[in-house]
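Please open the model in a viewer and keep the sequence at hand.

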Amino acid sequence: MRWLPLYARSRQVPVSLAAVVISAVTVCALVRDGGEGPGDPRLPVLVLATGAMAASIGLSGQDPALDRTAAIRWVPRRAAHVLLAGAVVGTVLLTVQAMGQDMAATAFVVRDSAGLMGLVALGAALSGGQYAWTLPFAWLSFSFFAPPPTSAPMEVATWMLLPPGTAAGTWTALVLAVAGTAAYAVAGPRR
């Protein structure tokens with residue numbers, strides 16, 4: 001079990017966790033002080049996206065040559081890293097939310113944290129760990145400024161802001177989570 005603290009430190013997990021907690025507490029404080037309110041999905045999505053982007057810094061190691069020569073199986077560890085990071089991002093928001101104002105339903109948090117971590121993992125597989133944050137940032141930016149969805153393609157494009165239980169939002173998040181996790185687990189971060 002000595003490898004676990006070393007792995008966490010090499011993947012900058014303490015820094016990522018601090019960023020996730022600070023962003024969640026900050027947004028919850030803004031909501032408490034007269035933010036948009038519990039019906040607006042933009043604030044919880046902003047917390048989840050910030051958390052996923054903060055977790056993205058750990059998707060590539062300090063030394064790619066060392067990672068390639070390691071005598072361990074990377075596929076399950078990479079998949080576990082993505083899944084655990086998504087669970088932590090969602091749990092932090094739900095925990096902070098339980099201590100203050102209710103911002104989002106649990107189903108909404110689970111769906112969006114899974115989809116956003118899938119986007120981050122896909123970004124790491126396509127462009128490396130240092131640029132893994134760009135896919136969720138671009139998609140979030142588009143979702144914030146897109147017109148209200150009136151068609152299925154626009155529902156897919158704005159899946160992050162759809163209410164929980166919406167088929168297009170749920171399926172988009174599921175596809176992103178599975179595809180991103182699988183791509184990252186098998187291929188690893190781009191060098």
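Are Arg111 and Asp112 buried or exposed? Select the two residues in this predicted model: Arg111 is buried, and Asp112 is buried as well. Display their side chains next. Arg111 and Asp112 form a salt bridge, in which the closest N and O atoms lie 2.9 Å apart. The structure holds one salt bridge. Side chains of opposite charge can pair when their charged atoms come close.

Now select helix α5, residues 74-99, together with helix α6, residues 106-127. The axes of α5 and α6 come within 9 Å and cross at roughly 140 degrees. The crossing of α5 past α6 is right-handed. To view the contact itself, show Val82, Ala85, Gly86, Gly90, Leu93 and Leu94 on α5, which meet Thr106, Val109, Ser113, Met117 and Ala121 on α6. By class, this contact of α5 with α6 comprises seven nonpolar, four polar and no charged residues.

Centre the view on Met117. Apart from its neighbours within four places in sequence, Met117 is in contact with Ala52, Ala55, Val82, Ala85 and Gly86.

Key
Residues numbered from 1 in each chain as written. Predicted model: local features only at pLDDT ≥ 70, side-chain atom pairs only at ≥ 80, totals over all residues. Heavy atoms only, no water. Axes fitted to C-alpha atoms, helices over the stretch in contact; angles between N-to-C directions. Helix = DSSP H or I, 4+ residues; strand = E, 2+ residues; numbered from the N terminus. Left-handed = near helix turned anticlockwise from the far one by under 90°. Contact = heavy atoms within 4.5 Å. Nonpolar A, V, L, I, M, F, W, Y, C, P; charged D, E, K, R; others polar. Salt bridge = Lys/Arg side-chain N within 4 Å of Asp/Glu carboxyl O. Buried < 20%, exposed > 50% of the residue type's maximum accessible area, 1.4 Å probe, protein only.
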